[in-house]
Amino acid sequence: MYEGAVQDLIDELGRLPGIGPKSAQRIAFHLLAADADDARRLADALTEVKLRVRFCEICGNVAESAQCRICLDPRRSLAVICVVEEPKDVVAIERTREFRGKYHVLGGAINPIDNVGPDDLRIKELLTRLADGAVLEVILAMDPNVEGEATATYLARLLGPLGLRVTRLASGLPVGGDLEYADEVTLGRAFEGRRVVSG
Ligand SMILES: [Zn+2]
């Protein structure tokens, strides 16, 4: 335990995902030794992101206005929606340049151990978007791990009766990992070779 402000910083850093107590301590002391300007830039970036960035009211991606850049882009097809777990997956798929439709960000994946069920994800919002029949294909692009698998299976069953094409990314992605860890070529290929699971 350290005094006041240093311990506060270690505690806050330790609450971040993937940062254990040792890393939190290491980062805290790195910041302590850093230039005041560097530390201020980090603090400003944190403040700015909370002030300026929110989640798109349509797709749930990060946005700097009510709707995100992709939802606002008239050149992108309304007929295909690619469903992903997190905004970072949108970035990964955009990098492949394979996809010209819209996205839907669930905000996670079904995970009984962490108590995340379908109601905790933006599934109702997805069904609302599909209600008018303009969408012809839904691509399920979950992470290639147990939670992603469970989520994709759940969605395939749910969307099946709606009569649209439901596809999943081809296998070949590194199993157990995150979509974002796949390189652009592999992810692009998985996209290209997606298979129909319903419709
Ligand atoms: Zn959007």
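## Phenylalanine 29 in helix α2

Phenylalanine 29 is found in helix α2, which spans residues 21–33. The model that contains this residue is predicted. At a relative accessible area of 33%, phenylalanine 29 is partly exposed, since that class covers values between the 20% limit for buried and the 50% limit for exposed.

Leaving aside residues up to four places away in sequence, phenylalanine 29 touches Tyr2, Val6 and Ile10. Alanine 63 is 34 residues from phenylalanine 29 along the chain, and their C-alpha atoms are separated by 33 Å.

## The chain as a whole

The secondary structure of the protein chain consists of eight helices and seven strands. Along the principal axes, its C-alpha atoms fill a box of roughly 60 × 35 × 35 Å. The chain has 199 residues, of which 39% are buried. If contacts are taken between residues at least 6 apart in sequence, 57% of them join residues at least 24 apart.

The domain assignment gives domain 1 as residues 4–52, domain 2 as 74–168 and domain 3 as 171–199. Between the C-alpha centres of domain 1 and domain 3 the distance is 35 Å.

## The zinc site

Four cysteines coordinate the zinc ion through their SG atoms: Cys56, Cys59, Cys68 and Cys71, at 2.3 to 2.4 Å. The spacing of these donor residues in sequence is C-x2-C-x8-C-x2-C. Cysteine 56 and cysteine 59 are both buried.

Why is the arrangement tetrahedral? The four donor atoms around the zinc ion subtend angles of 102 to 118°, and four donors count as tetrahedral if all angles lie between 85 and 135 degrees. For four tetrahedral donors the ideal angle is 109.5 degrees.

An unreviewed UniProt entry lists residues 56–71 as "zinc finger region: C4-type". Over residues 56–71 the chain is 19% helix and 12% strand. The end C-alpha atoms of this stretch are 8 Å apart.

## The Toprim range

The feature "domain: Toprim" is placed by UniProt, in an unreviewed entry, at residues 79–174.

Which residues of helix α6 (residues 123–130) are buried? They are Ile123, Leu126, Arg129 and Leu130. These residues are on the same side of α6 because they cover an arc of only 115° around the axis.

The packing partners of the buried residues of α6 are the strands β3 (80–84), β4 (102–105) and β5 (137–140), together with helix α7 (146–159). On the face of α6 turned away from its buried side are the exposed residues Lys124 and Thr128.

## Arginine 76

Arginine 76 lies in the loop between α4 (69–72) and β3. Is this residue, arginine 76, buried or exposed? Arginine 76 has a relative accessible area of 4%, so it is buried, the limit being under 20%.

With residues up to four places away in sequence not counted, arginine 76 touches Ile70, Glu94, Phe99, Arg100, Gly101, Lys102 and Tyr103. The C-alpha atom of arginine 76 is separated by 20 Å from that of leucine 169, a residue 93 places away along the chain.

## Loop residues with positive phi

Arginine 97 is not a glycine, although it has a positive phi of about 60°. This residue, arginine 97, is placed in the loop between α5 (87–96) and β4. With a relative accessible area of 74%, arginine 97 is exposed.

Asparagine 115, also a residue other than glycine, has a positive phi near 65°. The loop between β4 and α6 holds asparagine 115. Its relative accessible area of 68% makes asparagine 115 exposed.

Definitions and conventions
Residues numbered from 1 in each chain as written. Predicted model: local features only at pLDDT ≥ 70, side-chain atom pairs only at ≥ 80, totals over all residues. Heavy atoms only, no water. Domains from an automatic or database assignment. Buried < 20%, exposed > 50% of the residue type's maximum accessible area, 1.4 Å probe, protein only. Helix = DSSP H or I, 4+ residues; strand = E, 2+ residues; numbered from the N terminus. Arc of directions from axis to C-beta. Contact = heavy atoms within 4.5 Å. Donors = N, O, S within 2.8 Å, 3.2 Å for Na, K, Ca; no water. Tetrahedral: all angles 85-135°; square planar, octahedral: opposite > 155°, others 65-115°. UniProt positions renumbered as here; feature names shortened; annotations may be inferred.
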